[in-house]
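I opened the notebook today to look at a few helices and strands in this model. Here is what I looked up, entry by entry.

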Amino acid sequence: MLKRLVKQVLPSSAVAAVNNWRTRERLYKSWSKAAAAAPAYGDMRLTAFRIERSRRLIGEEKSYVQPPADLLPAMDIPAGRFVDFGGSAGEMCAVLREQYPAWSFTVVETKSMADAAQALRPEISFSDQLPPEFDVFYSSGTLQYLSDPETLWREALSRTTHYAYLARNSFSNRKLFTVQSSRLFDNGAGPVPDGFDNVEIRYPHQTISEASLTGIADEMGFDLAARFEGRNSGVTGTRANVYGADLLFKRR
């Protein structure tokens with residue numbers, strides 16, 4: 001009754017402003033503050049759901065997952081070592097392996113995901129640590145969920161011999177720390193397995209400076225080979241100063 005009365009008294013612009021205020025993203029002062037407000041990304045419910053959902057895709061991965069076409073030029077040697085950092089249960093690596101059978105593929109994930117996925121796709125290596133050396137480093141929509149993405153980026157480049165590709169990024173000039181929420185069934189691709197409730201999943205999130213990543217790459221001996229603007233699938237929330245772009249780096 002009160003809500004209806006407020007809508008009748010206030011102009012529509014004021015009502016819209018109130019609704020926007022109520023649904024605004026909450027900003028936190030630091031990563032640790034955001035992390036304290038949400039469970040870790042490796043939540044066991046999410047891991048179990050992703051594994052069971054991926055199990056239904058075995059042999060049919062290419063019907064649900066397509067590697068970026070802009071990544072394929074980086075696979076320009078007859079045989080190489082490919083790392084997918086944050087590659088879930090290895091769906092994309094399974095697709096690439098069909099096209100590049102002479103390559104080896106490693107997915108780096110949380111320990112719980114890596115342990116569970118190894119039995120799912122034994123032809124792909126799974127680990128919670130970066131291999132000592134590899135030819136192509138790929139990461140899609142993952143760096144923004146790390147406590148220190150810049151350190152991981154520097155470490156990854158130190159082990160990369162050829163190309164590095166970052167997809168589905170969440171960039172801004174100033175770091176923004178938030179808690180992202182989604183429904184469980186929004187995670188992954190393919191048929192939803194039985195036995196799961198579509199609960200809310202919450203995890204800490206931060207935006208990253210594109211200039212910082214590019215600067216680190218330059219220090220580590222990489223040139224920005226290509227930048228694909230307007231790739232906003234990694235952007236969450238509604239803040240106008242957050243944007244996406246895919247970046248391809250090549251070692252000098």
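What covers the buried residues of α6? I found that the cover includes α4 (44-55) and β3 (125-127). I took helices (H or I, at least four residues) and strands (E, at least two) as DSSP runs, numbered from the N terminus.

**Ground rules.** I am working with a predicted model, where local features need pLDDT of at least 70, side-chain atom pairs count only at pLDDT 80 or more, and totals for chains, interfaces and linings use all residues. Residues are numbered from 1 along each chain as its sequence is written, and side-chain values use heavy atoms, with hydrogens and water left out.

**Confidence.** I checked pLDDT, the predictor's confidence in each residue, from 0 to 100. The protein chain averages 89, and 87% of the residues score at least 70. Over residues 13-24 I saw pLDDT stay under 50, and the model has 2 contacts for them beyond four places in sequence. Contact here means heavy atoms within 4.5 Å.

**Helix α6.** I listed the buried residues of α6 (residues 111-120) as M113, A114, A117 and L120. They sit on the same side of α6 because they cover an arc of only 115° around the axis; the arc is that of the directions from the helix axis to the C-beta atoms. On the other side of α6, I noted K111 and A119 as exposed. Buried means under 20% relative accessible area, exposed over 50%, and partly exposed in between (1.4 Å probe, protein chains only).

**Helices α7 and α8.** I looked next at how α7 (residues 149-158) packs with α8 (residues 210-219): the angle is about 30° and the axes are 10 Å apart. That makes α7 roughly parallel to α8. Axes are lines fitted to C-alpha atoms, for helices over the stretch in contact, and angles run from 0 to 180 degrees between N-to-C directions. Angles under 35 degrees count as roughly parallel, over 145 as roughly antiparallel, 65 to 115 as roughly perpendicular and the rest as oblique. In this pair, E150, W153, R154 and L157 of α7 meet S212, L213, I216, A217 and E219 of α8.

**L166.** I found L166 in strand β5 (residues 160-167), buried with a relative accessible area of 0%. Beyond its neighbours within four places in sequence, its contacts include W153 and L213.

**T178.** I placed T178 in strand β6 (residues 177-183). T178 counts as buried because its relative accessibility is 6%.
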